Amino acid sequence: MAFTNSWTLEVTSPVAAPRLFRAAVIDWHTLAPKLASRIVASANPVEGEGGVGSVRLFNFTSAMPFSFMKERLEFLDADKCECKSTLIEGGGIGVAIETATSHIKVEQAANGGSVVKVDSTYKLLPGVEVNDEITKAKESVTAIFKAAEAYLVANPDAYN
């Protein structure tokens with residue numbers, strides 16, 4: 001029997017929540033191949049205009065254990081810097097994972113920066129065990145936000 005599991009993560013940043021959300025979440029398909037080219041070979045929207053129901057495709061280099069993933073945006077509140085997406089193809093779906101969703105909220109911090117809160121829920125296929133995959137997933141998500149943060153700090157006019 002497959003069980004539903006989850007993990008959470010918080011990442012702090014000196015960058016304001018709206019800028020970080022737009023760069024690291026909404027427009028990540030544009031920035032990822034530039035800022036994380038060692039991992040993301042290419043990325044692009046394949047359905048929709050970026051709103052709820054839109055699908056993005058990320059193609060990975062050999063640095064990843066899978067060659068691609070497609071994610072569908074299930075919920076978006078850009079004003080509250082919050083979204084939820086579902087992994088619909090690739091990324092271990094059908095191999096190790098039955099379903100996977102991520103809920104991301106970027107909140108404004110008192111110091112003018114932000115706190116990224118990620119809640120990922122997944123259901124493994126029967127017989128599959130998680131070893132260090134959760135640690136790797138958390139490291140990957142942290143790396144995404146830190147790459148976007150570095151870009152935004154170096155480019156203070158971007159995503160304003």
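The expected span of a helix is 1.5 Å times one less than its number of residues. I wrote that down to begin with, and I also noted that this is a predicted model.

**Entry: the length of α3.** I looked up helix α3, which covers residues 133–154. With 22 residues at 1.5 Å a residue, α3 should span 32 Å, and its end C-alpha atoms lie 31 Å apart, which agrees.

**Entry: where α3 sits.** I followed α3 across β1, β6 and β7, and found that the helix runs at about 30 degrees to β1. Which residues of α3 are buried? I listed Val 141, Phe 145, Ala 147, Ala 148, Glu 149 and Leu 152. I then checked what covers these buried residues, and the cover includes β1, α1, α2 (28–35), β6 and β7. A reminder to myself: an α-helix has 3.6 residues a turn, so residues three or four places apart point the same way.

**Entry: the sheet.** In what order do the seven strands stand? I traced them as β1-β7-β6-β5-β4-β3-β2, in an open sheet with antiparallel pairing. At the edges I found β1 (4–13) and β2 (40–47); each has a single partner strand, so one side of each has no neighbour in the sheet. On average, neighbouring strands here are turned by 20 degrees against each other, direction ignored.

Entry: I picked β6 (residues 97–108) and β7 (residues 114–124), which are antiparallel and pair over 11 bridges. I also looked up Lys 105, and its bridge partner in β7 is Lys 117.

**Entry: the other helix on the sheet strands.** I found α1 (residues 17–26) lying across β1, β3, β4, β5, β6 and β7. Helix α1 runs at about 155 degrees to β6.

Methods:
Residues numbered from 1 in each chain as written. Predicted model: local features only at pLDDT ≥ 70, side-chain atom pairs only at ≥ 80, totals over all residues. Heavy atoms only, no water. Pairing = 2+ DSSP bridges. Helix = DSSP H or I, 4+ residues; strand = E, 2+ residues; numbered from the N terminus. Axes fitted to C-alpha atoms, helices over the stretch in contact; angles between N-to-C directions. Contact = heavy atoms within 4.5 Å. Buried < 20%, exposed > 50% of the residue type's maximum accessible area, 1.4 Å probe, protein only.
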